Amino acid sequence: MMKNKTLKVNRNDPCPCGSGFKYKKCCLGKNASDPKNLKAEYADKYGIRLKQPADIEGIKRAGRLALDILDRVVPEIRPGVVTDHINTLVHEFTLARGGVSAPLNYRGFPKSVCVSINEVICHGIPGERALQDGDIVNVDVTPILDGYYADVSKTFFVGTPGPEAKKIVGVAKKSLAQGLSMARPGNTVGDIGWAIQQYAEKQGCSVVREFVGHGVGLEFHEPPQIFHFGRKGDGIRLIPGMVFTIEPMINLGKKELVILDDQWTAVTKDGSLSAQFEQTILITDHGFESLTPFDV
């Protein structure tokens, strides 16, 4: 019999864990053979709670409800509809399906959904503003179902969109796709932000800095923060069991924003259009799984 030998793995060799990634982008610097140690390390060092199979199934169920809520809203995205009507639909539909709307009364937010029109970047409070032909509107929903949270948003056209509306919605959707393309074990949160920023800025658009993606599932907002700009290789390394949102907010003009007097509504400082798409994802052994899947 041959004697066992210690295998030397170089930084650029395939990782011995079998992930398919290079050792330097995967298990270098961490004990990949002991998931319990890794779970404790991420909890202690970053406050990140890696999700277990039962958690993942619960978040998936909340994610299906979130997508059903958006599907219920779609027929109401038309000229003349006031945003408070959308809030009522979301609130009642969520309750009817056994859920609770996480935004309602969260840190004082007064409604069950965020509805953000045109220059509103995020956190638009539903009210008496009516949708108009040519508007774009983001609807952001977060239901709680059996104690689990899932977060998702889409930006819709109202009536017939103009060329600027088509551009910003297309760039925002593709920005999410670029971020998702970097969501795999061994990459970092910085890789996600880098990919989004590189793409959006090449299209002549800008990335909002003040609002980020976040861990989600057991609470509304958990670590880590997911910046939508940044440098490759920066930040926390992604490992299986992490659940978080990617939700780039992309402006047609400059990145600067203003918070209105209600202390919630964020608008572009230059009045340009802003759009956003968001999914909740799970980092798996070999990539990611969207827990709120839709085509991007």
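**Surface and burial**

I looked up the accessible surface of the chain, which comes to about 13800 Å²; carbon and sulfur atoms account for 51% of this area. These areas come from the Shrake-Rupley method with a 1.4 Å probe, and for residues only the protein chains shown count as cover. I note that this is a predicted model, in which local features need pLDDT of at least 70, side-chain atom pairs count only at pLDDT 80 or more, and totals for chains, interfaces and linings use all residues. Residues are numbered from 1 along each chain as its sequence is written, and side-chain values use heavy atoms, with hydrogens and water left out.

I then looked up burial: 53% of the 296 residues are buried (under 20% relative accessible area, 1.4 Å probe, protein chains only).

**Elements and contacts**

I found five helices and 17 strands in the chain. Both are DSSP runs numbered from the N terminus, helices (H or I) of at least four residues and strands (E) of at least two. For contacts (heavy atoms within 4.5 Å), I took those between residues at least 6 apart in sequence; 67% of them join residues at least 24 apart.

**Lys 166**

I located Lys 166 in helix H4, which covers residues 163–180. Leaving out residues up to four places away in sequence, Lys 166 touches Phe 157 and Pro 161. Its C-alpha lies 9.0 Å from that of Ile 136, and 30 residues separate Lys 166 and Ile 136 in sequence.

I traced an open sheet of three strands in the order E1-E5-E6, with antiparallel pairing. Its edge strands are E1 (100–101) and E6 (148–149), each of which pairs on one side only. Two strands pair if DSSP finds at least two bridges between them; E1 and E5 (residues 143–145) have two bridges. Ser 101 stands opposite Pro 143 in E5.

**The cavity**

I searched for cavities, meaning sets of points on a 1 Å grid over the protein atoms alone where a 1.4 Å probe fits but cannot get out. Strands E3 (120–122) and E15 (274–276) each give two or more residues to its lining, and E15 gives the most, with three. Lining residues have an atom within 4 Å of a point; among them are Ser 116, Asn 138 and Thr 155.

Technical notes. Buried < 20%, exposed > 50% of the residue type's maximum accessible area, 1.4 Å probe, protein only. 1 Å grid on protein atoms, 1.4 Å probe; cavity = no way out; pocket = protein on both sides within 12 Å on 5 of 7 lines; lining within 4 Å.
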